[in-house]
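Here is a friendly briefing to read alongside the structure. Keep the viewer open and follow the topics one by one.

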Amino acid sequence: MADKYQLSEGSLRVIMSGGKVEDAIMQVLGTKRIASGSSSDKERYRLLLSDGKYLISFAMLTTQNNDKIVNGELSDNSIIKIKKYITSVINNVGKVNKRVLVILEMETLVPGHKSSKIGSPEQLPEDDSEPLPSETKNNTVSSSTSSTVPQVNGSHRNDTDVNMSMQDQLTHPISSLSPYQNKWVIKARVSNKSSIRTWSNSRGEGKLFNMDLIDESGEIRATAFRDLVDKFYDLIEVDKVYYISKCQLKIANKQFSNLNNDYEMTFTPDTIVQECHDVVDSIPQTRYDFISIDKIAHIEVDTMIDVIGVCKSASDVQMFQARSTGRDLKKRELTLVDQSNNSIALTLWGTEAETFDSASQPVIVIKGARVSQFGGGKTLSTNASTVMKINPDIPEAHRLRGWFDNEGISKTTVNISARSEGGGSQTQWINVKDVQEMGMGQGDKGDYFQVVGTILLYRSENGIYKACPKEDCKKKAADQGNGMYRCDKCNREYPNFKYLLLGSANIADWSGNIWLSLFSSEAEKVLGMSSQAVGEAIENDSQALVEIADKAHFKEFIFKCRSKMENYNDENRLKTVALRVEPVNFKEYNSYLISQINQLLN
């Protein structure tokens, strides 16, 4: 089988000199796992690579190709076709820097067990890995000079490496970045930029913004704080490509980012940013992993997803005041539909809610929508890191537009936001006495109801814990005593954690009282503070939660609940969970009371 393919002799010299070779065919003579610098790092693999004439030992696979080695597809003597690559630089202190071939995309043509070593390749001389003056087609080298490139520099030093154009340097793929390497330049597109946000807590106050960067190898989140917000915010634009260097890398906080990267970047006073004015078709636009609306019904609450849908209808802008902070808030609810003939409610906030125009029933693409639950049905909402685009020029949007205009506009859809898992189309109003007398929760799937209740007692004992920092994990993190925290569910150790509340409250109405468990997100609404803020307060005062809980007493909310029998220590017991806690909507509640009065009159 190997006889069918001829190796691309001499191609390594061209590639490692800054040239470009399309679909180079090479042979893998060996593989070696690179020891990771941290337990949280993904494994990386080096390859001994031959083109039949030369061989190099400094080729590397990106992590998305690791499965080819793990499952045995890529082994010694395998013949491969390199479809996409980048040349990068490994900085060796006190030594000559080596250029590395990073394989982004490849195809195995002949497995190793069906091939043998081809030719007698020799080690490619290191001198041949220096750039050739005439070869500037490689996607990591540009022929532009620094005089044509405006530079945004976070430092006023006159160091040569600061003032020189980064376009004249080799760039690193995002997937190769780690905190253990500090001399790098990336060439990336800004796929999203947040608005400027401010914060104020016991440690001080300030402002920040973040942006998502993307190249051929992956994505990463970058954040600028305080004075650097003024320096960089207006200079960085979404969808433009920039050279970026001299940022600090650290473990990503998955509570605030859903990007597929273990690390994130923080701007420093030394950070350098230069716009790339060349046409860069090789760097992709925003990547989406769309979930069809019908499948959202089965996705766990608080999961961040990408979704595309047509805005079939929209409510007016609603204005209300947050009970916890007293701030004026604005929201608008949209109904999205797609080809699955399902619909879902999407909530927009603030400026997005005010400026959204639903008249043309536009196609909406959302990256990073949060899945919530209301009365047993699923809903979507946006937050500071969400990217929303209206009628984007992508194939999925054009297909959805065609479907809606031709047939979807007249079809009846299943509203997964309105239905409850108990089978009803609307969560029933009920009082506490009826919950107990009707035996709610005795069925296999549990029963759903909503009640207006006043908090008599919020339990502060064991009301908060340190959890795994991974966004979609709520498992308790065990302190290892060495600055690391272990999550048994993820089977990993982390240098940080997140605080989560364990809510438990006794609520009452005119008819009686009942104990409820609350998710961390709903406990935050009751206490009027985030889990993180409560955790920080407890760090300074172990009794802080007692005082915080006391402020929640005698507050009134609408509690949308589920009662269900659960087995604990071989004993069945009824558990009632407040799936959603909301301020009392008196218009909705009055409608319920009027209907009850009419029933009594009839």
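A charge sits over a ring if NZ of Lys or CZ of Arg is within 6 Å of the ring centre and within 35 degrees of the ring normal. With that in mind, look at lysine 20, which lies over the face of tyrosine 85 at 5.5 Å from the ring centre. Please remember that this is a predicted model.

**The chain as a whole**
- The protein chain holds 12 helices and 34 strands.
- Of its 602 residues, 48% are buried.
- Among contacts between residues at least 6 apart in sequence, 66% join residues at least 24 apart.
- The accessible surface of the chain is about 30,200 Å², and carbon and sulfur atoms account for 47% of it.

- In soluble globular proteins, nonpolar side chains tend to be buried together.
- Here the largest nonpolar core has 29 residues, and Leu49, Ile56, Leu101 and Ile103 have the most contacts inside it.
- Two or more residues of this core come from each of helix H1 (11-15) and strands E1 (24-34), E2 (44-50), E3 (54-61), E4 (79-90) and E5 (98-110).
- Apart from this core lies another, of 27 residues, among them Leu518, Val526, Ala549 and Phe557.
- Leaving aside residues up to four places away in sequence, isoleucine 103 touches residues including Leu47, Leu49, Met60, Ile80, Ile82 and Tyr85.

**A three-stranded sheet**
- Strands E27, E28 and E29 form an open sheet in the order E27-E28-E29, with antiparallel pairing.
- Strand E27 (478-479) and strand E29 (492-494) are the edge strands, each pairing on one side only.
- Two bridges join E27 to strand E28 (residues 485-487), and aspartate 479 has tyrosine 485 in E28 as its bridge partner.

- Seven aromatic pairs turn up in a search of the whole structure.
- One of them is edge-to-face: phenylalanine 209 and tyrosine 233 lie 4.9 Å centre to centre, with 85° between the planes.
- This pair links distant parts of the chain, with phenylalanine 209 in strand E10 (residues 204-214) and tyrosine 233 in the loop between helix H4 (227-232) and strand E12 (241-245).
- Phenylalanine 209 counts as buried because its relative accessibility is 1%, and tyrosine 233 counts as buried at 17%.
- Phenylalanine 497 and tyrosine 499 also pair edge-to-face, at 5.1 Å centre to centre and 90° between the planes.
- Phenylalanine 497 is partly exposed at 21% relative accessible area, whereas tyrosine 499 is buried at 8%.
- Tyr485, Phe497 and Tyr499 form one aromatic cluster.
- The charged end of arginine 459 sits over the ring of tryptophan 515, 4.3 Å from its centre.

Notes
Residues are numbered from 1 along each chain as its sequence is written. This is a predicted model: local features need pLDDT of at least 70, side-chain atom pairs count only at pLDDT 80 or more; totals for chains, interfaces and linings use all residues. Side-chain values use heavy atoms; hydrogens and water are left out. Helices (H or I, at least four residues) and strands (E, at least two) are DSSP runs, numbered from the N terminus. Buried means under 20% relative accessible area, exposed over 50%, partly exposed in between (1.4 Å probe, protein chains only). Contact means heavy atoms within 4.5 Å. Accessible areas come from the Shrake-Rupley method with a 1.4 Å probe; for residues, only the protein chains shown count as cover. A nonpolar core is a set of buried Ala, Val, Leu, Ile, Met, Phe, Trp, Tyr and Cys residues joined through side-chain atoms within 4.5 Å. Two strands pair if DSSP finds at least two bridges between them. Rings of Phe, Tyr and Trp (its six-membered ring) pair if their centres lie within 6.5 Å; planes under 30 degrees apart count as stacked, over 60 as edge-to-face and the rest as tilted.
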